[in-house]
Amino acid sequence: MITAGIDVGAKTIKVVIVKDNKVVARAINPTGFEPLVTAEKTMDEAAKQAGISRKDINKVYATGAGRKSIPFADHNVTEVTADAKGTNYLLPSVRTIVDIGAEEARGIATDAAGKVVDFAKNDKCAAGAGAFVESMSRALEVTVPQMIEISHKSTKEAPINATCAVFAESEVVSLIHTKIDKADIANAVHDAIASRVCSMVRRIPIEKDVVLIGGVANNSAIVAVMKKHLGVEVGVPENPEFVGALGAALLAAA
Amino acid sequence: MTVKTKYKTKPLDCWQWGKELRLEAYKDLTSGHEQGKILVLGCAATPYGILAGLGDFVFLAGEPYGASVAADPPASIPAMECYEARGYARDMCGYMRNFLGTMFLDKYYFTGGPFPKFDFAWSVRHCPAGHPKWHQIVSEYQGIPMYYVDDETMLSSDGSQEARLEYVAGQYLDSIEWMEKVTKRKFDDEKAIEAMRNYFHNEALWGEINLLNGAIPAPLDIKSMFALMPISMLRRHEKVATQFLETLRDELKDRIANQIAAVPNESYRMCMLTPPPWSFLKVFRYLENFGVVFVGTYVYLINSGEVKFLYDEGKVVPATVPEKRPGWKQMKNREDLCRTVARWRAEHPFQSHLDTRKKEYVIMFNHWKANAYLLLINRGCIPMTTSMYDFQRDLNKQGIPTSMFEGNFADCRDIDETGVLDRLETFLEGQGIHKISD
């Protein structure tokens, strides 16, 4: 059986194709202003990569913020359910999932079967999500990869106290004016995000193993500070931004 | 896709009557003075039947009025903007902001005409979300007198109750003298006693109606309850309210006997502790597509209704009216009346201590045969939000699933509808509940 999961995120659209319980293709594109066009394009790319025609796909499940807008999807599932399924497939020992996407973060407690036990999500605030990193990198006049790199070189703690992305940006600007080292500011930004996300995740029972998924999981600086805040090892699977799409594809096959 | 329904359904037979009674109460405010009635403002929990001692009156409880405005964003947004332009804070009671905004705009929501001028404000202290300030602002703006009865001493559960009852009953007595002075009307004890008897009876009826929703399938959905509740909230002292509420109760009993459901595909029952987000009532209709029926909310069970909790047995039963309770006196004069009202307030579940309230939440959950609680972190009512995380922890500890969302119940600008739906769908998905038509 061939199934596909499509994760229509705020910033990117991801597709995973699963054949007989094995991942055979992954594709990703920026969501842009025409999500449907991007969704079609990403599906086409994934099918091509898998060496199949889209007609060969038996079922498509959609997830992500735009999951209800995909006309070719047979069904849609929430990000929380998809994340739990995808993570359980990759790392069955995980009981706590932290997913940080471009505009949303969530903490998910799961059981051994990958069933959701509890979850917590941030409200409409970008301060604990990937969009905040991008915004702060612009304020620091570095790219996101550069920001991650310099963050690891930080030697001093700098404070960012605002709980709002907009006010936090003005704090960053203040730190720049007070000649705080860019590396320390970059680290402070990552620390602020991790602190907010961890505070939210603590609303659910945090049990080992803990894993970070979503696009932000590719940011090694955030992973490092997440470990500090949660006080436990935080693992990152391969291709963490595809876990939701993978979960959707697996659920389509179930 | 056609979905086979589980239960029969039909609209309430008394629906139209209920709508008319509700609207009549609001419209009466605009013509009350012409009919020789006095117009009085206060909080919804005020024992306003007492006012009948002065003759005919119209009482406006600000909360249901604020909720009606809040449910209509094109009316609510200009009202709140007007309120804010006068320098008042956004974190005050959401009902109050809608009410005051329409007063400042001089646009009464139910007619679009001028805002009513009250003869006076008379209220129990009721809600610390700014309600005393609410009536003070009206009093100063309209140049009308106000009187507040401080009954919060009732919240204490230790020490002698007697001194507290005397203190509160004394205030009611004083306020009757005060009313006579400000209206230059003579107070008729018998009329007041009669109206308060209706008040107690109707309140118990509304409580009983809420309890009927323990049946499966539920005969009444929460959105309809919210629409009919103003009859119990605004006309509790009237015989016509008794007639309506008894008709509604009997109709619900009939629906139960004949398995007539509010939601034909009922498969998951939820209840609330708080008021709903008024501008987003469609959330309840949307969730019916998942087979979800909301069977009640604790706040209006005990705010416009009364029930009796049997804590040791873990049960809830309809309330009896004060005069029929063992050890309570018959009301023969204003002293008896004020004493009865003070004691009734003191022993009302509305005054329950938070730890007692936790027990009541569980009792109601079980009575309503609910599957989960929906909790609101309400940015429009700070007191109602206090302890919500504690309540959630307590409910979860007892194995009761909860879903929580944040938002302002009376400010449509401060609720993320998509986010709330997403959160609820995620919660339901985790409970194995999916959209029926998918």
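This is a predicted model: local features need pLDDT of at least 70, side-chain atom pairs count only at pLDDT 80 or more; totals for chains, interfaces and linings use all residues.
Two residues are taken to be in contact if their C-beta atoms, placed from the backbone, lie within 7 Å. In this sense, helix 6 of chain B, formed by residues 162-183, lies across strand 2, strand 4 and strand 5 of that chain. The helix runs at about 170° to strand 5 of chain B.

Chain B comprises 16 helices and 12 strands. Its radius of gyration is 21 Å, close to the 22 Å given by the globule rule for 438 residues, and chain B is therefore as compact as a globular protein of that length. Of the 438 residues in chain B, 49% are buried. When contacts in chain B between residues at least 6 apart in sequence are considered, 76% of them join residues at least 24 apart.

Chain A contains eight helices and 10 strands. For its 254 residues the globule rule gives 18 Å, and the radius of gyration of chain A, 18 Å, is close to this value, so chain A is as compact as a globular protein of that length. The C-alpha trace of chain A spans about 60 × 35 × 30 Å along its principal axes. Buried residues account for 52% of the 254 residues in chain A. Among the contacts in chain A with a separation of 6 or more, 67% are between residues 24 or more positions apart.

Within chain B, four strands form an open sheet in the order 3-2-4-5, with parallel pairing. The edges of this sheet are strand 3 (57-61) and strand 5 (146-149) of chain B, each of which pairs on one side only. On average, and with direction ignored, neighbouring strands of the sheet are turned by 25° against each other. In general, the strands of a sheet pair through backbone hydrogen bonds, in either a parallel or an antiparallel manner. Strand 4 of chain B, residues 120-124, runs parallel to strand 5 of chain B and is joined to it by four bridges. For Trp122(B), the bridge partner in strand 5 of chain B is Tyr147(B).

Besides helix 6, which lies across strand 2, strand 4 and strand 5 of chain B, helix 2 of chain B also lies across strands of this chain.

The contact between the two chains takes 10 residues from chain B and 10 residues from chain A. On the side of chain B that touches chain A, the largest share, seven residues, comes from helix 16 (residues 417-430) of chain B. By class, this side of chain B has three polar and seven charged residues, and no nonpolar residues.

In chain A, Arg26(A) is located in strand 3, which covers residues 22-30. Arg26(A) has 19 C-beta neighbours inside 10 Å and therefore counts as partly exposed. When residues up to four places away in sequence are not counted, Arg26(A) touches Val16(A), Ala46(A), Asn239(A) and Phe242(A). Gln49(A) is 23 residues from Arg26(A) along the chain, and the C-alpha atoms of these two residues are separated by 7.7 Å.

Definitions and conventions
Residues are numbered from 1 along each chain as its sequence is written. Chains are lettered from A and ligands numbered from 1 in the order in which they are written. Two strands pair if DSSP finds at least two bridges between them. Helices (H or I, at least four residues) and strands (E, at least two) are DSSP runs, numbered from the N terminus. Axes are lines fitted to C-alpha atoms, for helices over the stretch in contact, and angles run from 0 to 180 degrees between N-to-C directions. Ala, Val, Leu, Ile, Met, Phe, Trp, Tyr, Cys and Pro count as nonpolar, Asp, Glu, Lys and Arg as charged, and the others, Gly among them, as polar. The radius of gyration is taken over C-alpha atoms; the globule rule is 2.2 Å times the number of residues to the power 0.38. A residue is buried if 20 or more other C-beta atoms lie within 10 Å of its own, exposed if 12 or fewer, and partly exposed in between; C-beta atoms are placed from the backbone.
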